[in-house]
Amino acid sequence: MYTVDWQKRGLPRIHILLWLEEKIIPGSINEVVRAELSDHDQDPTLHEIIKSTMINCGVINFSSQYMLGGVCTKRYLRPFLKETQTGEDGYPQYRRRSPEDGRIAVKINGNDIDNQWVIQEVSVGVSKFNHDQKKVYDDVLNNVDSNSGQLFFLGVPGGTEKTFLINLLLAKVRS
């Protein structure tokens, strides 16, 4: 069972209810969901997407609707954790390694941002594209690089990751 809604940042969000035969372990969660800045050298596109769309807005805009009396209503800053933990309530506390544990920090609007501000996201990048997505991605970027002014239309059914593809393209073009 699932439902899809749209966040104010323009990104889709899906709520899924799954029944599992075996209890999920924290290591399995880390393979799919991350709450950390990615390494710019390993995946610059994903790094830019996380930096531009997955940082809690309170650090960037203290007049955000999520800030009440100088405190974030979404409970950020989140604590650093070396490993993902599963709680008795069923909600995981995602791994958020500190800069002291070798993780990176970035500057946004003059503020030092680390993993305490990162909104959890599904851990995928350009390397996860299927053949057709990779072709569209390459074609669009080639046209942008050559300044040839093409018009592209993605006429594909829902659920084929158009938003994911577009967000990666926008992050790449803006970087």
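Modeller: Ala, Val, Leu, Ile, Met, Phe, Trp, Tyr, Cys and Pro count as nonpolar, Asp, Glu, Lys and Arg as charged, and the others, Gly among them, as polar. The model is predicted, so local features need pLDDT of at least 70 and side-chain atom pairs pLDDT 80 or more, while totals for chains, interfaces and linings use all residues. Residues are numbered from 1 along each chain as its sequence is written, and side-chain values use heavy atoms, without hydrogens and water.

Colleague: What is the make-up, by class, of the lining of the largest cavity?

Modeller: Three nonpolar, two polar and three charged residues form that lining. Among the lining residues are Val33, Asn30 and Glu36.

Colleague: Why is Ser98 called buried?

Modeller: Its relative accessible area is 8%, and buried means under 20% (1.4 Å probe, protein chains only); therefore Ser98 is buried.

Colleague: Why does Gln85 count as partly exposed?

Modeller: Gln85 has 42% relative accessibility, and partly exposed lies between the 20% limit for buried and the 50% above which a residue is exposed. Gln85 therefore falls in the class in between.

Colleague: What makes Arg78 a charge over the ring of Tyr76?

Modeller: A charge sits over a ring if NZ of Lys or CZ of Arg is within 6 Å of the ring centre and within 35 degrees of the ring normal. Arg78 lies over the face of Tyr76 at 4.4 Å from the ring centre.

Colleague: Which residues does Ser98 touch, not counting residues up to four places away in sequence?

Modeller: Ser98 touches Phe80 and Arg103, where contact means heavy atoms within 4.5 Å.

Methods. On a 1 Å grid over the protein atoms alone, a cavity is a set of points where a 1.4 Å probe fits but cannot get out, and a pocket is an open set with protein on both sides within 12 Å along at least five of seven lines; lining residues have an atom within 4 Å of a point.
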